[in-house]
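Try each one yourself before you read the solution.

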Amino acid sequence: MTITREVDQSDDATLIQESLREPEIFAALFDRHAPLLHRYAVRRLGPDAAEDVVSDTFLAAFKHRDRYDRSRPDARPWLYGIASNVIGKRKRTELSLYQAYVRSGVHPGVPPVEDEVNTLAVNRPLAAALLELKRGDRDVLLLVAWAELTYEEVANALGIPVGTVRSRLNRARTKIRETLGDK
């Protein structure tokens with residue numbers, strides 16, 4: 001019971017370090033971050049692909065945990081970066097989801113009670129605008145808007161400079177405004 005309490009109170013870097021000796025400790029990182037990553041993946045790819053994205057993300061994280069920068073106590077940016085790469089490999093699925101939004105105005109497979117998720121689902125023009133963004137711009141925008149990462153965290157997640165995050169976010173917001181007709 002003491003071990004569980006220590007794991008619960010440990011920062012992510014400590015958990016990752018400890019998991020090198022005791023791999024089962026990595027499960028605490030999964031328990032801590034999987035629900036938010038799942039929600040993000042549902043928004044990006046729909047519920048059918050979200051489970052696979054989360055599984056693939058944590059499998060990659062586990063395999064490469066020895067490379068984690070332990071000076072970063074919060075692994076969220078690292079995990080979202082991996083998830084963004086996994087999602088990027090499913091570009092066709094993401095684009096199909098946005099096309100379905102545009103056609104129907106309904107997020108496929110997500111119950112209407114999840115208002116935050118369905119904010120996009122009822123906004124066809126926004127879905128169309130997201131569809132038009134370059135992948136890098138869309139990743140930055142959605143990591144800021146949906147994952148609620150800071151510019152620095154997004155930079156860390158995607159392995160790009162903060163200045164690139166700012167320029168991509170600015171470009172994405174400008175494109176969204178133009179597409180929505182709010183110039």
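**Exercise 1.** Leaving aside its neighbours within four places in sequence, which residues is Tyr40 in contact with?

*Solution.* A quick note before we start: this is a predicted model, where local features need pLDDT of at least 70, side-chain atom pairs count only at pLDDT 80 or more, and totals for chains, interfaces and linings use all residues. Residues are numbered from 1 along each chain as its sequence is written, and side-chain values use heavy atoms, leaving out hydrogens and water.

Step 1: look for contacts, meaning heavy atoms within 4.5 Å. Step 2: list the partners of Tyr40, which are Tyr80, Ser84, Ile87, Asp139, Leu142, Leu143, Trp146 and Ala147.

**Exercise 2.** Find how H9 and H10 cross.

*Solution.* Step 1: take H9 as residues 135–145 and H10 as residues 151–158; helices are DSSP runs of H or I, at least four residues, numbered from the N terminus. Step 2: their axes (lines fitted to C-alpha atoms over the stretch in contact, with angles from 0 to 180 degrees between N-to-C directions) come within 10 Å and cross at roughly 130 degrees. Step 3: look at who meets whom: Asp139, Val140, Leu143 and Val144 in H9 touch Tyr151, Val154 and Leu158 in H10.

**Exercise 3.** Is Glu148 buried or exposed?

*Solution.* Step 1: go to the loop between H9 and H10, where Glu148 sits. Step 2: check its relative accessible area, 61%, so Glu148 is exposed (buried is under 20%, exposed over 50%, partly exposed in between, with a 1.4 Å probe and protein chains only). Step 3: note the backbone too: Glu148 is not a glycine, yet has a positive phi of about 60 degrees.

Terms used. Helices (H or I, at least four residues) and strands (E, at least two) are DSSP runs, numbered from the N terminus.
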